[in-house]
Amino acid sequence: MTWQELLNEGRIERHQTSRKELDALRALVVRDLADAELEGLSVDGRFTKAYNAALQSTKMVIACCGYRVKGFGAHYATFQCLRLAMGKPIYKTANFLNKCRVKRNMAVYDAAGRVTESEAQEIIKVAKAFTKKVESWIRHNHPGYG
């Protein structure tokens, strides 16, 4: 899949980001990572909060590349775009996050209690590391937004 193919399919659109937009996404990431570690929050809730932090970080990457995901299946397309933007070094993380997308959908739309404690802990760990990689990638590739 290429950026042009995603454009042709209507999965993404061209978009000019700004420091203000990225800072707003950063604030969501910080909030959701903090919420993911709240005692008393359900395992499902912690999982979905960590997932959302990673999703917002991915949106930052895509925005820096000049695009925005739109339409049906946006989360799926988001992780396809992540692979395009950051290349092979991020494939493992993108694949993991895509699997978490399916688990998150079950937890949000189907039934409570589908997420295990170990799954929640794993995505929290991955989301924290991923957000650091994203910030490093932005500083290196798009320093005006870092």
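Reader: How many aromatic pairs does the structure hold?
Author: This is a predicted model, where local features need pLDDT of at least 70, side-chain atom pairs count only at pLDDT 80 or more, and totals for chains, interfaces and linings use all residues. Residues are numbered from 1 along each chain as its sequence is written, and side-chain values use heavy atoms, leaving out hydrogens and water. Rings of Phe, Tyr and Trp (its six-membered ring) pair if their centres lie within 6.5 Å. Counted that way, the aromatic pairs number 2.

Reader: Are the rings of Trp3 and Tyr67 stacked or edge-to-face?
Author: Planes under 30 degrees apart count as stacked, over 60 as edge-to-face and the rest as tilted. The ring centres of Trp3 and Tyr67 sit 4.4 Å apart with planes at 10°, so this pair is stacked.

Reader: And what about Tyr51 and Phe79, stacked or edge-to-face?
Author: Tyr51 belongs to helix α3 and Phe79 to helix α4, 28 residues apart; helices here are DSSP runs (H or I, at least four residues), numbered from the N terminus. Their ring centres are 6.0 Å apart and the planes make 70°, so the pair is edge-to-face.

Reader: Is Phe79 buried or exposed?
Author: Buried means under 20% relative accessible area, exposed over 50%, and partly exposed in between (1.4 Å probe, protein chains only). Phe79 comes out at 0% relative accessibility, so Phe79 is buried.

Reader: How many residues in the contact of α3 with α4 are nonpolar?
Author: Contact means heavy atoms within 4.5 Å, and among the residues that meet are Leu55 in α3 and Leu82 in α4. Ala, Val, Leu, Ile, Met, Phe, Trp, Tyr, Cys and Pro count as nonpolar, Asp, Glu, Lys and Arg as charged, and the others, Gly among them, as polar. The contact has no charged residues and 3 polar ones, and the nonpolar ones number 9.

Note on methods
Helix = DSSP H or I, 4+ residues; strand = E, 2+ residues; numbered from the N terminus.
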